[in-house]
Amino acid sequence: MAGEPQDGCLFCKVVAGRIPATIVRETETTVAFRDINPQAPTHVLVIPKAHYENAAALAVGAPEVVADVLRETQAVAESEKLDSYRTVFNTGAGAGQTVFHVHAHVLGGRGLQWPPG
């Protein structure tokens, strides 16, 4: 069920403390931690503690948490002293989503070209 921890979900295990992560920020509704395969000098993932498969599902099921996640992307950028940064939500395998627990990538610390990919 959406919003409930999923036994097989990697990020639910991070939230529960069953898998180690380098946590950089935590709030009542979110956790931010360093990506284990960084694509930029700063690459932090911001996830809701509640399990939702993707950003669209989170927006429907818990719109207030979407705001929390986005607020935390800015807080991460500020704490990492990034003048500019990119926030990315991948939705679906074809877009590069590999963990089906919604997460925002905060990327910075180098020039980021457009279009991405």
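Tutor: Start with a term: a salt bridge here is a side-chain nitrogen of Lys or Arg within 4 Å of a carboxyl oxygen of Asp or Glu. Keep in mind that this is a predicted model.

Student: OK, so how many salt bridges does that rule give?
Tutor: The count comes to four salt bridges. One of them joins Glu-72 and Arg-25, with the closest N and O atoms 2.6 Å apart.

Student: Where do those two sit?
Tutor: Glu-72 is in helix 3 and Arg-25 is in strand 1, so the pair ties together parts that are 47 residues apart in sequence.

Student: And Glu-72, buried or exposed?
Tutor: Glu-72 counts as buried, at 8% relative accessibility, while Arg-25 is partly exposed at 29%.

Student: What does Arg-34 pair with?
Tutor: Arg-34 forms a salt bridge with Glu-80, and their closest N and O atoms are 2.7 Å apart. Arg-34 is in strand 2, and Glu-80 is in the loop between helix 3 and strand 4, 46 residues apart.

Student: Switching topic: which residue does UniProt list as "active site"?
Tutor: His-103, according to an unreviewed UniProt entry. His-103 is in the loop between strand 4 and strand 5.

Student: Why does His-103 count as buried?
Tutor: Because its relative accessibility is 6%, and buried means under 20%.

Student: What's around it, then?
Tutor: Leaving aside neighbours within four places in sequence, His-103 has contacts including Phe-11, Leu-45 and Gln-97. Also, a polar atom of the His-103 side chain lies 2.7 Å from the backbone oxygen of His-101.

Methods:
Residues numbered from 1 in each chain as written. Predicted model: local features only at pLDDT ≥ 70, side-chain atom pairs only at ≥ 80, totals over all residues. Heavy atoms only, no water. UniProt positions renumbered as here; feature names shortened; annotations may be inferred. Helix = DSSP H or I, 4+ residues; strand = E, 2+ residues; numbered from the N terminus. Buried < 20%, exposed > 50% of the residue type's maximum accessible area, 1.4 Å probe, protein only. Contact = heavy atoms within 4.5 Å. Polar contact = N/O pair within 3.5 Å; in protein donor to acceptor, adjacent residues only side chain to side chain.
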